[in-house]
Amino acid sequence: MSDLSDLPPQASWTDAAGCTHAGAVLHRVQGFDVVDCAHCGFRHVLPLPTPQALAEVYAHDYYRTEKPLYIERYLEDRDWWECVYTERYEWLEAALPATRRRLLDVGSGPGLFLASGRDRGWSVRGIEPSTQAARHSREQLGLDVVNGFLDADSAPTLGRHDVVHLGEVLEHLSDPAAMLRLAHDLLAPDGLLVLVVPNDDNPVQRIVHRHLGVAPWWVAPPHHLNYFDAASLAALVSRCGYTVEHQETTFPIDLFLLMGHHYIGDDAKGRQAHGWRKTLERNLHGAGAEGRQLLAGMRRAFAGLGMGREILLYARRSGD
Ligand SMILES: [Zn+2]
């Protein structure tokens, strides 16, 4: 897989626009090299799939073959997601005037984040490439969700918003900077961008890989093309016209591997680990101010160590 001694030290590849992506090779999985790209400033696979090839995967196959239980599980976890989304909306409501409550969710999945905002009085809209997920949002939840990709053609039809939310989207794209510039155009002046991406090659993953001999399970091309950490994500966002206001990380679920609970490739054990994490967070979330403060403090502490499974970033559109 990616025993470092078997890897070439460097790789490079030139895209259709003539840009050369090159850097040290960190992993080689399924014919893709993951390089620390000097051109982009973050780690990504080489070669990068064309946007057309990706469009095919996400319009038809992703939820059916790659994540067949995704919608079902998302709904099963609904109470926990409600805690997660409540915290996210509370942050946004504190950072924006009460008159600014228009939100666009890009890659809105089955629609629970939008439904949570609607219940709090937000005016919400989604755009989602999966036909199954978009249909669920419209028919089961009565949401305004466009079935498609956010691109230069669809963006002008979506209106302007006070918040653009991109949850677990950027890691899937050949050109995440282009997506951030589109989001910039969709935001009203001083609007807020919210990003969630995996926190990859984090210290827990590195230790489990190198010292427990587990193959790098987080490297998942062609679905995951980009591999961020807090610094490379913040640098990308800043280059695309935003000022980063806050970053934190989600629970470091990979700690369970260090405790000997080997859930990689074992769906039942994976759900068990996820269940423990949900219980921890719901108990703290439901324990009043003291519980919420402890949860927030744990997140800060984990993030300070580079730990946490995902990065959550809030940034304001700058230059207005
Ligand atoms: Zn690059």
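Cys40 is buried, since its relative accessible area is 13%, where buried stands for under 20% relative accessible area, exposed for over 50% and partly exposed for what lies in between, computed with a 1.4 Å probe on protein chains only. Cys37 is buried as well, at 2% relative accessibility. The structure is a predicted model, in which local features need pLDDT of at least 70 and side-chain atom pairs count only at pLDDT 80 or more, while totals for chains, interfaces and linings use all residues. Residues are numbered from 1 along each chain as its sequence is written, and side-chain values use heavy atoms, with hydrogens and water left out.

**The zinc site**

Cys37 and Cys40 each coordinate the zinc ion through SG, together with His21 through ND1 and His44 through NE2, at 2.1 to 2.3 Å; donors here are N, O and S atoms within 2.8 Å of the metal (3.2 Å for Na, K and Ca), and because water is not among the atoms, sites may look incomplete. The angles among the 4 donor atoms run from 101 to 119°, and the site is tetrahedral, a label given to four donors if all angles lie between 85 and 135 degrees. For comparison, the ideal angle for four tetrahedral donors is 109.5 degrees. Along the sequence, the donor residues follow the spacing H-x15-C-x2-C-x3-H.

**Salt bridges**

Side chains of opposite charge can pair when their charged atoms come close. The structure holds 17 salt bridges, each being a side-chain nitrogen of Lys or Arg within 4 Å of a carboxyl oxygen of Asp or Glu. Three of them are listed here.

| Pair | N to O distance |
|---|---|
| Arg271 and Asp77 | 3.2 Å |
| Arg125 and Asp144 | 3.0 Å |
| Glu281 and Arg277 | 3.4 Å |

Arg271 lies in helix H10 (residues 267-285) and Asp77 in the loop between helices H2 (70-76) and H3 (78-95), so this pair ties together parts that are 194 residues apart in sequence; helices (H or I, at least four residues) and strands (E, at least two) are DSSP runs numbered from the N terminus. Within this pair, Arg271 is partly exposed at 22% relative accessible area, whereas Asp77 is buried at 5%.

Arg125, in strand S6 (residues 123-128), and Asp144, in the loop between helix H5 (131-141) and strand S7 (145-147), tie together parts that are 19 residues apart in sequence. Arg125 is partly exposed, with a relative accessible area of 23%, and Asp144 is partly exposed too, at 39%.

Glu281 and Arg277 stand 4 residues apart in helix H10, which means that about one helical turn separates them.

Notes:
Tetrahedral: all angles 85-135°; square planar, octahedral: opposite > 155°, others 65-115°.
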